[in-house]
Amino acid sequence: MFFEILIPGLILGGFALISSTGLYIASKKFYVYEDPRIGEVTEMLPGANCGGCGFAGCAAYAEHVVGENSLKKPCPVADDETMSQIGALLGLSADTGVKKVASLMCKGTSQNCKFVMDYKGIEDCWAAVLVADTSKACSFSCLGLSSCVRACSFDAMRIEDGIVVIDDEKCTGCGMCISACPKNILHMRPKAKTVTVTCFNTDRGADARKACAVACIGCMKCEKVCEDDAIHVNNFLAKIDYAKCTLCGKCVEVCPTNSIEIREVTVDA
Amino acid sequence: MPKTFTMGGIHPPEEKISSNQQIIYGDVPPQLLVPVDQHIGKPCEIIVEKGSVVERGQLVAKSTGFVSSNVHSPVNGKVDKIVKMPQLGGQIKQCALIIPDAPGENYTEVLKKDPVNSLDPNKLTVEEIRKTIADAGIVGMGGAGFPTHVKLSPPPEKTIDALIINGAECEPYITSDHRVMLERAGELIKGILILQHLFNGVPIYIGIERNKPDAIEALETTAKGYDKITVVPLIVKYPQGGEKQLIKAILNREVPCKGLPMDVGVVVQNVATVLAIHDAFYHKRPLMERVVTISGNLVKNPGNIMLAVGTPISYVMEKFGIDPQKVRVMISGGPMMGRTSYSFESPVTKTTSALLFFDESHIIGREENPCIRCGSCIKACPMGLAVAQFTEMIKANNIPRAIRDSIMDCIECGSCSYVCPADRRLVHWMRLGKNIIRREN
């Protein structure tokens, strides 16, 4: 009875001893030195693996930062505090730059911009563009088929009434949605500058207006009223120079088609 | 024994309801929207401007490279403006809006004024032939719109030993090529002789599906007495008119993966293109008009009509008494490979072989359902692709695997979508996958 328990115990114990010795030798022999700071930096990073920095995830970015010993390319997602912590660890000064968020240059909701066709294909903006440049009256309009929503790792985008709505609080500015848009109507703006031209239509004013109720018609009123020389109309479309804009809101007031929008200023940036 | 390709293929209803209708000639519409780009390749450069006076056959847009094609004005008139218009393919492109001098003039009168040129095709030089075709802005009129002079200029290391004239017309509804073969067989053979001379007297095969016995007979009678011109009757099966399928059916040669017909020594030309080549030589007429089949269940009197490139669809609809209110689907080209379009103001282009108008009764409108792994699409694919697998690869963004499994060999014939019992948009997924690959490279 006693031996029937002892023998298997000894056999298993023997196996354990042999394999643990093998593992021990292997771990010593094939040891690769990895800078411990890579792991520490990876821990500090947001960990969303969004790819906004241009590397394949946070670990790859950490490896780059430690390897190059430079923080010239800051993580677009991490906040100032995180970046300065990483900087302190590596003995570098971290320059986070201006926090940016994505904004949609379109207000073509189903009321403002009518659908001209009944698209029944795959729910993907790129697939829709293969069938026709647009399914709405305006050829620059947001198609609302969620290609950018799928590209967003931070749950900051949703489709509402046919167009994308971006949550400024959740948007980290990683920029992955920009390249996911076939219509090129997502742009980055500084998070603090909450004024946007919500139109990307470069057609003549009359044509733009016919297509959409809230299109920029290139009337130049905003350009004239702006005291800071920050808004210019080019090709029948207003464009804001965020470096000069002071958020006075005068352009928003004069815009006859409501195609310039200002949101409540968020404080944290 | 009639020939066919071996792999896959389907049998959609033929619906060739306009096959007995003679080609009629349209009138010059009150305005023409001549699109600047009507081909695959480099975009053209527009050379007219607002207010320019144009003559019939005058250049409107000039080709900007080798793989590019000229566009000419089909009428005498004045350019009113340059506008951006949605095209039949769905893209928004620049068009020259031309107001003709004599709107309402019947097209038979316009065509009569063109010069008649008598020539001996055997005296033409190779360069002369290629240049005339390039200058005339001739593109593949079967639907793809690839510039013909490029197809006729294979690199010197590829020897061409056979020429196939594609008269299969395997798409349902379309009958424009059928009528051309029937009514203009003589001109067709003259055009073929020019091509035969270009390739040093290679044998010519004219592939025609067996559902057009009158066209087979007409061409056989006309081709009698000419050397090396054979009419090949083909089994009725879609996509018999696909370039690679046609080569397999007639010559039993297989175009290699990622290859072109010239890799197996063959050049394929559509019958409408050959007719355009004839016109370019014998009438000095650039490609400015084409035969279009007007059909579909909303058309009371379906027919085949000669239309100028740039004729707005709304004008055609008026002529055929089609109520725009009732139209739910408008397809340019055949129902299998054609494109649905949404604007009745879009113009007819060089590649519009048919315009089909349908109401609700022809919309299936079911949602896309999950794949049930029945394998129908794989059985139907004429290129031997595992279609159902690709949709999953594209969804998962597994592009390297899709490339490995030869997604680029898809000819977008739509056989897979046609047979799918789960209404999956298979061909759309394939096109999306191909688009992603083209974008990334």
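In the hairpin of strands E2 and E3 of chain A, 2 residues sit between the strands, and A:Asp161 takes a positive phi near 55 degrees. Helices (H or I, at least four residues) and strands (E, at least two) are DSSP runs, numbered from the N terminus. This is a predicted model: local features need pLDDT of at least 70, side-chain atom pairs count only at pLDDT 80 or more, and totals for chains, interfaces and linings use all residues. Residues are numbered from 1 along each chain as its sequence is written, while chains are lettered from A and ligands numbered from 1 in the order in which they are written.

**Chain A hairpin**

- E2 (residues 157-160) and E3 (residues 163-166) of chain A pair in the antiparallel sense over 4 bridges. Two strands pair if DSSP finds at least two bridges between them.
- A:Ile159 stands opposite A:Val164 in E3(A).
- A:Asp161 lies in the loop between E2 and E3 of chain A. A:Asp161 is not a glycine, yet its phi is positive.
- A:Asp161 counts as exposed because it has 11 C-beta neighbours inside 10 Å. The cut-offs use C-beta atoms placed from the backbone: a residue is buried with 20 or more others within 10 Å of its own, exposed with 12 or fewer, and partly exposed in between.

**Chain B overall**

- Chain B has 14 helices and 17 strands.
- Its C-alpha trace spans about 60 × 55 × 45 Å along the principal axes.
- Buried residues make up 51% of the 441 residues in chain B.
- Of the contacts in chain B with a separation of 6 or more, 74% join residues 24 or more positions apart. Two residues are in contact if their C-beta atoms, placed from the backbone, lie within 7 Å.

**Parallel sheet in chain B**

- An open sheet of 4 strands runs in the order E11-E10-E9-E12 (chain B), with parallel pairing.
- Strand E11 (229-234) and strand E12 (266-270) of chain B are the edge strands; each pairs on one side only.
- From one strand to the next, the twist averages 25 degrees. Angles run from 0 to 180 degrees between N-to-C directions, and axes are lines fitted to C-alpha atoms, for helices over the stretch in contact.
- Strand E9 (residues 162-167) of chain B pairs with E12(B) in the parallel sense over 5 bridges. B:Asn166 stands opposite B:Asn270 in E12(B).
- Helix H8 (residues 271-282) of chain B packs on the sheet and touches E9 and E12 of chain B. The direction of H8(B) makes about 85 degrees with that of E12(B).

**Helix packing in chain B**

- The axes of helix H5 (residues 185-198) of chain B and H8(B) come within 8 Å and cross at roughly 80 degrees. H5(B) and H8(B) are therefore roughly perpendicular to each other. That class covers 65 to 115 degrees; angles under 35 count as roughly parallel, over 145 as roughly antiparallel, and the rest as oblique.
- The residues of this contact divide into 10 nonpolar, 2 polar and 2 charged. Ala, Val, Leu, Ile, Met, Phe, Trp, Tyr, Cys and Pro count as nonpolar, Asp, Glu, Lys and Arg as charged, and the others, Gly among them, as polar.
- Helix H11 (residues 387-395) of chain B has buried residues including B:Val387, B:Phe390 and B:Ile394. The buried residues of H11(B) pack against helix H10 (376-380), helix H12 (399-404), helix H13 (415-419) and H14 of chain B.
- B:Asn397 follows H11(B) and has a positive phi, near 60 degrees.

**Single residues in chain B**

- B:Phe358 is in strand E17 (residues 354-358) of chain B. B:Phe358 counts as buried because it has 20 C-beta neighbours inside 10 Å.
- B:Phe358 and B:Val327 are 31 residues apart in sequence, but 5.8 Å apart in space, C-alpha to C-alpha.
- The peptide bond from B:Tyr238 to B:Pro239 is cis, with omega near -5 degrees. B:Pro239 lies in the loop between E11 and helix H7 (243-251) of chain B.
- B:Arg373, in the loop between E17 and H10 of chain B, has a positive phi near 60 degrees.

**Interface**

- 11 residues of chain B are in contact with 13 residues of chain A.
- On the chain B side, helix H14 (residues 426-440) gives the largest share, 5 residues.
- That side divides into 4 nonpolar, 5 polar and 2 charged residues.
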